[in-house]
Structure formats: C-alpha cells, structure tokens
Amino acid sequence: GRNPLIQGRFDGSPDSVMTAINASIDMDLRFWAEDIAGSKAHARMLAKQGIIAADSAEKILAGLDTIAGELAAGTFKTDPALEDIHMHVEARLAQLIGPEAGLLHTARSRNDQVATDFRLWVRNAIDRLDAELAAFMAALLDQAEAHAATVMPGFTHLQTAQPVTLGHHLMAYVQMTARDRGRLADARRRLNESPLGAAALAGTGFAIDRHATAADLGFDRPMANAMDAVSDRDFALELLSALAIAGGHLSRLAEEMVLWASAPFSFITLSERFSTGSSIMPQKRNPDAAELVRAKTGRLFGSLQALLVAMKGLPLAYSKDMQEDKPPVFEAVDAFALAIAAMTGQVRDLRVNPARMRQEAGRGYSTATDLADWLVREAGLTFREAHHVTGRVVRLAEAEGLDSLADLDLAALQGVDARIGPAVFDVLSVEASVASRQSLGGTAPERVREAAAAARAAWL
Ligand code: ARG
C-alpha cells in the first residue's frame, strides 16, 4: 500500500519494487535515537514559540518517549510502505496520541530532519572512534616506552637502512594517530551546526527559533543557509576521508606485523588472542587479525568513493540519491571500529624478540652512514668524499663475506683509506649508532622517551 501519511495526491498504490527501492527503514533503525531527539527538540521549540499548544507538545513528547522505549526494546513494528524512520515515528505517534501527532511536522521537512539526525549520528561516531584511537595510542605509547632502547633495523625500500629502536618506530605511528585524531576533531568542529529548521530548502514562514533547537541538540549554532543545510553531506565525506587516511595507517602497521611475525623475520611472536590456526598445517599460527585490518581498509576507501560519486552530480537541493549516504558511512564506521580494536589488542599483546631484531639491525652494513659521518667529523673529509670511501669499505666487507662493518679489522679499513683510525670502532656498533641519533625527532632512546612523554601530555 501507499504511505498513508502522504497519500493525498495519489489514487493508486506504488509498485512493490518502488516500495522496496524507496524504503530505508532497515538502515534508519541505526539512528532512531537521534531522530527522536531531533523531534523532541523541535516539539519543545514549537510550543515555546506558541506555534503549537503546550498540552499538545506534552502529549507529543510523552508519545515520543513511548516510541523510544519500543525502539530500544526492539518491539517496534516496521513496514516498508512507511519508507523511513521519520514516517514510522510519526505514524506510531498518531496511533498513540491521535490527530495531535500531525502537529509535529509543522515547520519541518524530512530533509532538515534527516540532515539533523545524520549529523548527530556522525558526531557520536566521531566521539566513539576518537576514544578508540586514544586507546590505540596509549597501547603504542606503552610499547614505545618499554622498547625505547630495543634496537632493530630501520628500512628504506625494505632494505636495511640504519639501526633504529622499536620505540622510535612505534612513535611514528603515535604521531600518525595524533593527526588522525586531529582530522576527526576538525570534522567534528565543522559538522556541529544544526540543519533543523531549514525545512525543505527555503526555510519556513512559521516563527521558529533555530537557535533554541540547535542548543537543545548540542550544536554550536544553526547552519546559515537552509538550502546548504539540506543539500550537503560534506560532514559525512570528512568522516569517511579521515577514516580512510587513519585506516591506511592501521593497514601499514598491520602489514609490518604480518612481516615481522613471519619466520624469516621472527621479530615478534603473534598473540594467541589475535591469531588463528590452519585447517591442514598443524604448526601454523596465522596473523588473520592483522590481515583483515589490511583488507578492511579497502572498504573504507570504497565507502569514501561511493559517497563522493553519489554526491558529485546532484543539483541543489535534496535528491533521493542522498538517502544512499548512510550505508557507506555505517559500513566504514563498523569496519574501522573493528580494525582499530584489533590493532589496539595486537599492540598491547606485542611480544618482541629483541635478539632477532638486534641481530638483523647489525646486518646489511647498517652503520655505513656512521662510518661516513665519522670520516667527516674526525678526518675532515667532505660528506661526498666520505660517502665514496665508505662505499669502498662496504665493497671490501662484501668481498670478504662479512655482514657488518664492525667485523672488519683496522688494517683492512686503513687499506681503503689511511685516514681511518682505531677510534672508528666506537661508532660502528648498532648501539652506538642509535645512541648518537640525538637530534630532535631522532631514534636515540632519550629522544624516544621524551617524545612519548610529550605525546602523552598532549593526547591522553
Ligand atoms: N529517508 C530520507 C533520507 O534518508 C529522508 C529524507 C526524505 N526526503 C524527501 N524529500 N523524500 O534521505
């Protein structure tokens, strides 16, 4: 059948396919609480402005509370003919309190209503996800402090580059997470304006008070332009963008964990709580949680893409295309919530194999830069000259089948360049290398501990 609340200008029933493609009630149930809150704020304002009678408003508010109870309990009956949450609530209100239910939609449209509901929902989602990101950050900081002096190889091109500490590596993710939280905070600040009272697109002739409903719903102010208020979903796009970027960060750490847990690396041991077995290979412990974080990130990117495309060709103001704004946002928020929780758990459970990390940190001539720097500092070479000399030393070590420059003897070094003296061995160990990187943001353990303390003070 046809939606009884808006059937006046129709004679026949819609096609069943029309009803099916039009109905959003199943997904709308996720924001029923925001819908009820918006309606209550609107009803209170209408009464305060003398647009509806105070006793009618009382009945409406009581009815809305009853409906909220039914929705919370899961006993609320839905019907696709009633399309969306807004119509369902109004229809149920009419059953509960009679014709006065029809007063509620005065000076309001579903267009400003849904824009309001969705902003409130996204705002709540941001607050929840920020708390999750803070917990992730805390887990990273705990491990970074515990491993401020745990030496590991640092890579560029996934080739051994220079020794670093695990704490330094994890602090890189702390900084990324801080920016991820900053992006969410920026999005929240911009979204926190109220569309309510924009009505369909033009505003309303009723003497409403948009400041009152905005304040009631915790918005900073009403949105300035009624057409903009019902037409844009940039607030949802900002959330999706922020989650896509943050997900990209999680995915990189997940990838590193997969790599580090592999037998050739053996840098970490996977937590039993975040790994699974194989159906055929009895020995296996697989990093499924990390792998799924990597894959969930694809959904985040897809959700952003879906909404960008849905919005890009729409003439102002509202078009029904915009009803499709919610599934990608819900999917992204759900995927991100799982991904961030899985990463927090894995970081908390991280079991490190410092001996393996230390061993690999010394391989691949990782202290070659330290030798070049020493030649500059102690022997007066230009850096380019020192780079060349060190390159010759690396070739020599390679030819002798040695893995580390520290394994060459002094005579061999002096054979390459007579200016090399015995003090050079002070800088060729991985510990010396790491300890020397004292510059701001460097990997020296003191710098890592300072950075961790600063991040705690700023973000936790
Ligand atoms: N269910 C709709 C949505 O989510 C509500 C707005 C409907 N507005 C309209 N003019 N049909 O977008």
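A: His157 counts as exposed because its relative accessibility is 75%. Exposed means over 50% relative accessible area, buried under 20% and partly exposed in between, with a 1.4 Å probe and protein chains only.

Q: What kind of model is this?
A: The model is predicted, so local features need pLDDT of at least 70 and side-chain atom pairs count only at pLDDT 80 or more, while totals for chains, interfaces and linings use all residues. Residues are numbered from 1 along each chain as its sequence is written, and side-chain values use heavy atoms, with hydrogens and water left out.

Q: Back to His157. Where is His157 found?
A: In the loop between β1 (151–156) and β2 (159–165). Helices (H or I, at least four residues) and strands (E, at least two) are DSSP runs, numbered from the N terminus.

Q: What is phi of His157 near?
A: Near 55 degrees, a positive value in a residue other than glycine. Leu158 also sits in the loop between β1 and β2. Phi of Leu158 is near 55 degrees, again positive without being glycine.

Q: New topic: the ligand. Which residues are around the ligand?
A: Ser24, Asp84, His86, Arg110, Asn111, Val114, Tyr318, Lys320, Gln323 and Lys326. Each has a heavy atom within 4 Å of the ligand.

Q: Which helix gives the most to that shell?
A: Helix α6 (residues 110–146), with 3 residues.

Q: How much of the ligand does the protein bury?
A: 87% of the 340 Å² that the ligand exposes when taken alone. Those areas come from the Shrake-Rupley method with a 1.4 Å probe.

Q: Where is the cis peptide bond of Ala317?
A: From Leu316 to Ala317, with omega near 5 degrees. Ala317 is in the loop between α11 (288–312) and α12 (326–348).

Q: Last one. Which residues of α13 are buried?
A: In α13 (residues 354–361), Arg356, Met357, Glu360 and Ala361. They fall within an arc of 135 degrees seen down the axis of α13, so they line one face of the helix. The arc is that of the directions from the helix axis to the C-beta atoms.
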